[in-house]
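This report covers selected features of the structure shown below, from single elements up to domains.

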There are 2 protein chains.
Amino acid sequence: MTSSDSKPEMEASSTPLQSTERGRFNMIMARSNQEHPTFQESEPLDKPMSRFQETADLNIEDVDTLNGRNRSEHKTNLIKDPYLVVRRGQPFWIDITFNKNVSNLQDFFYLKFEIGVNPQTSTGTKVVLPSDQGQMLQWDMQVLTSSGFKVSVTITPPSDCIVGRFQMTAGVPVYSRIKWISSTIKDVYILFNPWLLKDTVYMPNENERQEYVLNQRGIIYNGNPNKPVGRPWNFGQFQKGILDACLYIMDVAKMPIINRGDAIKVIRMGSAIMNSQDDRGVLVGNWSGEYGSGTAPTAWTGSPEILDKYVTKSQPVTFAQCWVYAGVFNTFLRCLGIPARVVSNFRSAHDNDGNLKIDVILTSELELDTKNTKDSLWNYHCWNECYLVRTDLPIGFGGWQVVDSTPQETSDGMYRCGPASVIAIKHGLICYPFDAKFIYAELNSDIVFRMTLMNGRLKTVFVDRSTVGKMVLTKAVGHNGQEDITHWYKFPEGTLEERMAVKNAEQYGCIRSGTSFSDVDVELDMHVPDVGLGDDFQVTLHLRNTSRSRRIVDLYLSGNVVYYTGVHSSQFKFQPLQGTLDPWKTEVATVNVHAYEYMSKIVEQRVLHFIVIGRINETERILATTQMVTLLAPKLSITVAGNHVVGESLNVTVEFTNTIRFDLVNVTIRMEISGHMVFSPKRYRLITRGSTVKWSEYYVPQAVMHTSVMASLECATLRQVYGEVELVVTDH
Amino acid sequence: MTSSDSKPEMEASSTPLQSTERGRFNMIMARSNQEHPTFQESEPLDKPMSRFQETADLNIEDVDTLNGRNRSEHKTNLIKDPYLVVRRGQPFWIDITFNKNVSNLQDFFYLKFEIGVNPQTSTGTKVVLPSDQGQMLQWDMQVLTSSGFKVSVTITPPSDCIVGRFQMTAGVPVYSRIKWISSTIKDVYILFNPWLLKDTVYMPNENERQEYVLNQRGIIYNGNPNKPVGRPWNFGQFQKGILDACLYIMDVAKMPIINRGDAIKVIRMGSAIMNSQDDRGVLVGNWSGEYGSGTAPTAWTGSPEILDKYVTKSQPVTFAQCWVYAGVFNTFLRCLGIPARVVSNFRSAHDNDGNLKIDVILTSELELDTKNTKDSLWNYHCWNECYLVRTDLPIGFGGWQVVDSTPQETSDGMYRCGPASVIAIKHGLICYPFDAKFIYAELNSDIVFRMTLMNGRLKTVFVDRSTVGKMVLTKAVGHNGQEDITHWYKFPEGTLEERMAVKNAEQYGCIRSGTSFSDVDVELDMHVPDVGLGDDFQVTLHLRNTSRSRRIVDLYLSGNVVYYTGVHSSQFKFQPLQGTLDPWKTEVATVNVHAYEYMSKIVEQRVLHFIVIGRINETERILATTQMVTLLAPKLSITVAGNHVVGESLNVTVEFTNTIRFDLVNVTIRMEISGHMVFSPKRYRLITRGSTVKWSEYYVPQAVMHTSVMASLECATLRQVYGEVELVVTDH
């Protein structure tokens with residue numbers, strides 16, 4: 001990994017101390033882990049040797065970092081790079097070979113750990129460990145055994161140690177100085193340690209650690225709350241080059257080295273640097289549907305390809321939407337050792353001024369006024385959760401923390417969000433940092449229908465309190481099922497606890513609409529069935545008169561194509577209806593929707609949004625309901641033929657049948673064996689309706705593996721089509 | 001005020017909706033108050049006229065904004081610009097003259113208020129007020145009287161109204177449309193309203209409002225806690241062009257218009273944009289002592305000159321240190337109507353990793369190791385306080401809030417800090433946003449002396465718990481004296497409340513050094529007298545043996561020249577001493593300091609830092625104490641001769657006698673009549689020791705005024721020299 005060809009503005013080097021700051025700072029603050037400490041031939045012993053005289057003939061021939069043993073004990077053996085990678089607060093082994101017999105342990109030697117330029121003991125960026133030390137406050141070195149020319153020691157970095165790449169050097173005393181031996185220099189990567197009780201990222205449950213730290217594959221949920229769809233994602237946090245990429249990301253963010261042991265700071269920095277706003281971060285957002293100058297957000301199958309690109313090209317990668325940000329951020333967090341997961345909030349409110357209302361503006365004719373409807377309701381929104389102790393908050397707010405790297409509008413000056421305590425959000429205690437109020441609104445807003453009166457005055461005519469934050473999902477621990485974690489974020493509707501949480505939130509400025517509409521005596525429900533892309537279907541409306549009088553209701557159904565962000569693209573249907581309801585009676589109305597009505601207007605992710613607004617003639621009261629539906633797309637089917645044995649050829653085939661009633665043009669299919677092989681994408685100029693395409697590749701596995709084959713299909717009218725199949729290759 | 005010649009990167013215009021965001025947002029979000037709404041000839045009436053028919057012949061001839069009356073009632077009459085400036089939530093008067101008799105009030109008319117491009121009713125950036133309205137939710141218009149061709153109305157903007165420049169247009173109905181009359185367009189500036197109970201910036205006490213909102217002059221304290229020096233500062237928030245400059249600053253920060261009614265957001269944005277880091281803000285920091293490419297921070301006498309420069313040149317102004325940032329920020333806040341004051345924290349800890357320790361690193365020989373001492377103790381540090389309700393925090397944390405625009409190291413990604421509740425800081429409740437932890441550390445850190453043991457290990461040898469946050473000062477209300485507000489920030493030392501506050505802070509991660517040194521049985525005190533620059537003086541040390549045994553103490557005094565930030569420049573004196581102390585006895589030692597020792601090394605602000613470190617031979621315990629002293633400089637004396645009557649000539653003279661025992665070269669003297677006249681600076685190549693220079697200017701006042709004449713003197717070896725005298729000019 002190199003960034004020697006990086007453009008000037010991406011330079012991840014330490015900012016030199018500017019001359020204008022001469023009177024402010026004593027020293028340069030290192031902000032890069034790429035630069036090495038300068039090698040010093042020797043440095044003075046600050047205290048004269050007492051017990052024994054130094055021996056000028058002592059030398060160190062070799063330092064063995066025992067990677068196999070250490071990486072296995074530190075749960076870092078999945079990392080594909082060949083370095084020593086250990087977790088802080090936990091001992092690791094080093095064998096040192098001398099040029100003479102040292103079995104009586106009467107010779108001194110030293111190990112030095114340094115990180116960044118200008119390392120210093122007072123900042124924790126440098127530590128010198130002498131072999132004769134007693135109790136140490138911070139780092140600990142114990143000499144265990146010595147036999148012949150070899151000495152074994154264990155090193156334990158502190159449990160709040162800086163995370164990153166340290167340089168380890170061995171030295172011997174020569175005439176009141178330590179002589180450092182340049183041939184012994186080795187890199188030692190130190191990570192967060194969720195297995196260590198004293199670490200702020202400690203996670204008590206081993207199954208959860210396996211999932212949230214070590215699992216390199218995941219599922220990201222999208223679609224509708226009544227029909228969530230899991231999309232496979234290759235986090236690949238241990239693939240070759242990813243650990244270095246994660247350190248490089250902190251360098252681009254110019255994060256001071258001395259802050260890199262603080263999980264809260266690393267997480268908050270990460271949420272800012274994942275997006276390219278402010279700081280030339282990792283990913284460029286694009287919600288336009290036009291991705292010609294990059295890769296469509298729906299086309300990515302995992303994080304490693306993105307991180308490789310970011311490091312190689314030294315510039316932000318095009319393009320991302322929320323699940324791409326969350327997927328790559330999850331890789332970053334798990335790679336550094338912070339337990340993390342991707343969660344999806346269905347019907348996520350995206351409100352631009354941080355109140356608890358999604359305003360839907362209607363004209364005086366009760367039609368949707370898209371020009372004046374500023375807020376939007378995302379069909380789903382993905383963010384991350386990290387697991388850690390919140391040392392900056394009162395006791396009780398540790399555990400899962402929301403953090404969101406998708407650039408939002410109101411995230412306090414920079415594009416970032418969190419970490420915010422999930423427990424604090426649940427209880428409405430949104431006064432605690434960071435950005436809890438914003439996330440609370442995403443989960444708890446009302447949809448307020450406001451009618452425009454004469455000259456722009458707005459009157460609230462209907463409030464929908466139950467749509468937003470319908471469900472929060474994440475992948476289950478240990479298997480590929482889903483876990484509903486809505487109850488982590490919300491008390492059950494109607495309970496005393498829920499009302500108290502709302503009261504708390506109101507105290508901190510999240511005021512709900514106070515308007516009540518209890519005197520509306522007609523109930524309105526809408527049902528949209530599961531629909532395949534290109535199908536005709538029916539929308540069913542149920543109207544129920546709960547009064548003792550007859551009711552005549554004028555209403556209309558508006559069918560719209562929207563982005564997954566809920567932003568309106570175009571209206572494809574508008575149908576007025578009238579219902580006459582006898583007392584206590586229910587009427588059913590159906591509206592036919594034809595494929596030709598919506599197919600020419602469809603945008604990626606295939607979301608339709610139906611709005612029904614009605615007015616009761618007798619009482620002038622307003623009824624309203626909305627429904628989003630994601631049209632189902634055909635799947636890719638993947639098969640693997642062959643013996644599934646190391647060294648023997650596999651035949652991997654992806655197959656796609658265009659079951660849609662339209663032709664597809666300019667189609668790209670991508671296929672990869674997660675963590676092992678990315679095939680060149682395959683392009684098709686035309687796939688006519690009803691036809692099938694098949695693409696096969698041969699692959700010879702070089703090692704035992706437990707991974708998956710993933711494929712995705714992209715074209716301008718059909719995105720978010722993918723498939724996955726498990727792949728296990730054994731020795732025999 | 002214009003920015004037509006601004007450079008591209010400073011353009012304060014609204015960012016157009018990027019094409020990549022088409023699927024995310026419905027509309028452009030206005031971020032500039034410079035751009036006007038597009039004039040619309042007419043717009044439809046959303047509801048047909050009912051009571052009366054529109055009359056095609058009705059027209060509006062004139063709209064009178066009654067500036068005299070309104071500005072007086074809204075306390076905006078000090079503003080030198082000719083606009084209508086009012087405060088939100090409070091009615092203002094408008095007279096409208098028609099082309100016909102309207103005394104029976106049967107004709108409709110409309111007033112429209114708009115701000116920014118693309119104004120919209122749903123975001124509060126547009127409101128249309130009809131003359132026949134009943135109760136309004138937000139803005140209110142009342143028709144009061146009509147006689148002949150004239151109608152008088154009052155307008156009341158809501159108490160949470162967006163702050164900035166609105167455009168007001170009048171219109172009449174013509175055939176189911178409103179015809180807007182372009183000749184009636186007027187600017188109406190709306191500010192925060194500390195006089196209004198419902199406003200978040202409400203301040204109950206009238207004397208305090210007079211001081212913290214309306215007073216254009218102030219005093220900023222510097223120097224030492226035992227001898228604070230007040231420096232006059234011209235805030236000049238109502239001078240010509242300043243209000244427009246403050247709106248321009250929000251435009252440069254690209255602050256969304258719809259957020260500009262939220263005082264917390266305006267304040268936090270302000271703390272980021274006052275410094276040029278991140279965002280090409282107002283001021284460039286420089287602590288180097290070399291200011292050739294700009295104005296020395298000590299040379300400024302007030303904010304208006306800086307803000308004028310910023311707007312005219314459209315680029316950050318050079319140079320600032322903390323009191324300049326605080327002075328200009330105070331102008332911004334008071335100008336917009338947010339009560340604000342500048343406060344000085346003496347012995348302000350500037351710690352780079354947010355713990356509660358200022359580490360002083362000593363070598364194993366007990367000498368100061370400047371190379372490894374990273375933290376610094378600022379002799380004083382200036383920040384601002386704002387007065388407002390914290391709607392985002394639990395009840396009880398409103399009132400004064402700390403906000404700091406001097407760029408610091410650890411302010412969460414961007415260079416800004418606060419607002420943080422003073423009450424929360426006092427009680428150690430530093431978990432509440434924003435940046436309370438950082439400010440708590442500035443006030444409550446320990447100075448920890450750490451000795452370097454063999455190979456870089458550090459041992460704490462002495463902890464000074466009483467130096468940091470020694471005193472917090474601000475200008476008193478209603479007169480030019482000082483007010484000690486330390487008790488707002490800290491409980492008295494040794495009380496139960498203080499210990500509880502420390503416990504709270506520890507809970508949120510501010511851990512104090514636990515080491516206790518109760519077994520040190522020799523007490524050490526140092527006394528440095530008031531010293532003039534260029535004087536010889538004596539430092540006195542008191543050593544008191546509190547044990548029943550004899551004690552021999554080896555110690556040394558180190559005299560250093562430092563910046564006001566505590567950053568070390570050079571050592572000018574090093575003197576070892578030895579004391580022999582009989583049981584229960586006190587010894588006094590004196591050290592002579594000669595002017596020739598320090599004068600060649602002195603840096604601006606003339607701060608000397610004395611460190612005394614000692615070791616008790618019998619117990620090996622360490623003693624330590626430090627003392628900063630600011631050398632006194634000669635003052636400028638200012639006299640005003642003449643009649644002090646409008647239209648008659650005044651003779652203004654500034655006089656300086658070089659009482660220092662050295663010659664001064666390349667001296668600049670500045671003089672201004674605050675808010676009225678800035679004279680061209682006067683330069684002197686040489687002012688020999690003992691000599692006096694005198695500079696007179698004539699000035700003929702054009703209006704009644706109550707202001708001051710201020711002067712400052714600058715040269716490379718002598719800065720922070722100034723003088724001020726009151727100037728009252730009457731009608732006769």
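## Helix H6 of chain B

Helix H6 of chain B, residues 322-336, has 15 residues and reaches 21 Å from its first C-alpha to its last, close to the 21 Å expected at 1.5 Å a residue. The expected span is 1.5 Å times one less than the number of residues. Helices (H or I, at least four residues) and strands (E, at least two) are DSSP runs, numbered from the N terminus.

This is a predicted model: local features need pLDDT of at least 70, side-chain atom pairs count only at pLDDT 80 or more, and totals for chains, interfaces and linings use all residues. Residues are numbered from 1 along each chain as its sequence is written, while chains are lettered from A and ligands numbered from 1 in the order in which they are written.

H6(B) is mostly covered, with 15 of its 15 residues buried. A residue is buried if 20 or more other C-beta atoms lie within 10 Å of its own, exposed if 12 or fewer, and partly exposed in between, with C-beta atoms placed from the backbone. Just after H6(B), Gly337(B) takes a positive phi of about 100°.

## Packing of H3 and H6 in chain B

The axes of helix H3 (residues 242-252) of chain B and H6(B) come within 10 Å and cross at roughly 105°. Axes are lines fitted to C-alpha atoms, for helices over the stretch in contact, and angles run from 0 to 180 degrees between N-to-C directions. H3(B) and H6(B) are therefore roughly perpendicular to each other (65 to 115 degrees).

On the H3(B) side the contact is made by Ile242(B), Leu243(B), Cys246(B) and Ile249(B), and on the H6(B) side by Thr331(B), Phe332(B), Cys335(B) and Leu336(B). Two residues are in contact if their C-beta atoms, placed from the backbone, lie within 7 Å.

## Domains of chain A

Chain A is divided into domain 1 (36-191), domain 2 (217-507), domain 3 (522-630) and domain 4 (637-729); the bounds come from an automatic or database domain assignment. Taken over C-alpha atoms, the centres of domain 2 and domain 3 of chain A are separated by 30 Å. Their contact takes 21 residues from domain 2 of chain A and 21 residues from domain 3 of chain A.

## Tyr83 of chain A

Tyr83(A) lies in the loop between helix H1 (67-73) and strand E3 (84-87) of chain A. Tyr83(A) is partly exposed, with 17 other C-beta atoms within 10 Å. Not counting residues up to four places away in sequence, Tyr83(A) touches Asp187(A) and Tyr189(A).

Note on methods
Angles under 35 degrees count as roughly parallel, over 145 as roughly antiparallel, 65 to 115 as roughly perpendicular and the rest as oblique.
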